Amino acid sequence: MDIHYIDLIIFIVYLVAMLGIGFYFMKQNKSKEDYYVGGRGMSAGHIGLSVVATDVGGGFSIGLGGLGFVMGLSGSWMLFTGLLGAWISAVVLIPKIYPIAKKHQFLTFPQSLAFRYNAKVALVAGFISLVGYIGFTSSQILAGAKLASATFPSISIFNAILIMGVIAIVYTAVGGIKAVIYTDTIQWIILMAGLIGIGIPIGYIHIGGWEAISSTLPSSFMSLTNITFVQFFNWIITIVPVWFVGMSLYQRIYACKDEKTAKKAWRIAGLFEWPIMAFMGIALGLFARVGYEQGMFTEIGYAPGVVMDSELGLPLFLRSILPVGLMGLMLSAYFSAIMSTADSCLMAASGNFSTDILGFFKGKQKYDTIKHSQIITLFIGAVAVLIATHMQNVLELMLYSYAFMVSGLLVPVLGMLLLKKPSSLAAMAAMIGGGTTTLVLILTQVKLPYELDANFFGIVVSALAFAVFQSVGTKRVTA
């Protein structure tokens, strides 16, 4: 059964509103600085909600639902790493980066590396960040497509990818970072209202409440210890470092009106990630598992015992329980999460390509117009859509993208923050060695010892390469 026309109208109104915000800010942008860092005058509330909307977003919203479906409450520890990352970077990163960025008018993350190393280091960092954020954008578009396809059975995932991709790309390309941040704020409010006011209470009642949960699922689903140390460790080394290397996060640091505002925004973001969003997303995935075990999806083709994609559990659950009108609102809420991450990742990738890569090869002036930035954003968005059509798992694609960026960029960033004279050669060796190691391990699907993530080995190689070349450079200076 397809979605009711009333729900469809509500959903279309939401999409049109998001496009409208993008075109509104198209007229407000006067310079590339407006387009990429919002004129450097944004408030803590808008930035904080934008940060958490970006970080949690569609990948974690749909991905959290999948974790809740397969492991229960312990899946919430994934977003605890977001709290750690946000609060640690507020203390360690922002005080070091913000004053320099403000003084030198940085637009991108690699420009901070260029300041402490050199332009070639920034170029390689720009490439790594670009690839990572294209993959991340693809994961969000895929998340939207899965949700749309499960809700509208007549739409294939391929067609849903095209529809969601076009909407997200257009309003991001025309409106720039201001459109992204303001739509993120609206989208986060919609998501929170949808979860608290619609999804969780109706879902809980529909499955039969606590009695049904406790009688249907193993006790491990209600435990916070249903997770291995290695799994938690892999999440930490993949997600916490993103707060130090994420281009979309640096753009928001630069967009804040002062350092105090940036720190406050990061504290707000961390608190919303865990426990607030973590447990709400996991709870709905857990409810979906109960519904599946009760036979709620049998008519759709997923009777109890039939293998199904865990990330489809949540959208199928919502489709099964919500009445006309509320389905449209809840669908809009989840698309809000997806859009809020896709647009931010797209802006990050566009900034890397425009400023760090084309700026290096062609010179800054030639590509400093808003028009060029918009064309670049559209082009990168098209590449992300193409990748999304060839992938299956949202959380996997997102974590792969994270892993590639972290293994290539974390060690040079730590060198920038902690050393007085970090070596450019060491940074280059660390980026190439770490990024390449992780990429090869991911592509070859090599079975790794102790179930450790490929990212761990990439970081180790990156750190060793940095240490060796930093030592060589230091010996040359003292010789």
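Modeller: A salt bridge here is a side-chain nitrogen of Lys or Arg within 4 Å of a carboxyl oxygen of Asp or Glu. R289 and E293 meet that definition, with their closest N and O atoms 2.9 Å apart. The model is a predicted one, and everything below is computed from it.

The structure holds two salt bridges. The other pair is E259 and K263, whose side chains come to 3.2 Å, N to O. Both E259 and K263 belong to helix 13, which covers residues 259–293, and they sit four residues apart, about one turn of the helix. R289 and E293 are also in helix 13, and they too are four residues apart, about one turn. An α-helix has 3.6 residues a turn, so residues three or four places apart point the same way.

As for exposure, buried means under 20% relative accessible area and exposed means over 50%. E259 has a relative accessible area of 23%, so it is partly exposed. K263 counts as partly exposed because its relative accessibility is 24%. E293, at 30%, is partly exposed as well.

Helix 13 has another feature to check. P275 lies in this helix, and the peptide bond that joins W274 to P275 is cis, with omega about 15 degrees. Most residues other than glycine have a negative phi, and most peptide bonds are trans.

Two residues elsewhere concern phi. R40 is not a glycine, yet it has a positive phi of about 60 degrees. R40 lies in the loop between helix 2 (32–37) and helix 3 (44–71), and it counts as buried because its relative accessibility is 6%. Q105, also not a glycine, has a positive phi of about 60 degrees. Q105 is in the loop between helix 5 (94–104) and helix 6 (109–116), and with a relative accessible area of 37% it is partly exposed.

Helix 8 is the next element to look at. A kink of about 125 degrees is found in helix 8, centred on G176. Just after this helix, G208 takes a positive phi of about 105 degrees.

V324 comes from the loop between helix 14 (310–321) and helix 15 (326–362), and it is partly exposed because its relative accessibility is 45%. Towards the other end of the numbering, V460 lies in helix 19 (residues 454–478). V460 and S407 are 53 residues apart in sequence and 8.3 Å apart in space, C-alpha to C-alpha.

Finally, the chain as a whole. The protein chain comes to 19 helices and zero strands. Of its 479 residues, 59% count as buried. The C-alpha trace spans about 75 × 55 × 40 Å along its principal axes. The radius of gyration is 22 Å, which agrees with a compact globule, because 479 residues in that form would have a value near 23 Å.

Methods: Residues are numbered from 1 along each chain as its sequence is written. This is a predicted model: local features need pLDDT of at least 70, side-chain atom pairs count only at pLDDT 80 or more; totals for chains, interfaces and linings use all residues. Side-chain values use heavy atoms; hydrogens and water are left out. Buried means under 20% relative accessible area, exposed over 50%, partly exposed in between (1.4 Å probe, protein chains only). The bend at a residue is the angle between axes fitted to the seven residues ending there and the seven starting there. The radius of gyration is taken over C-alpha atoms; the globule rule is 2.2 Å times the number of residues to the power 0.38.
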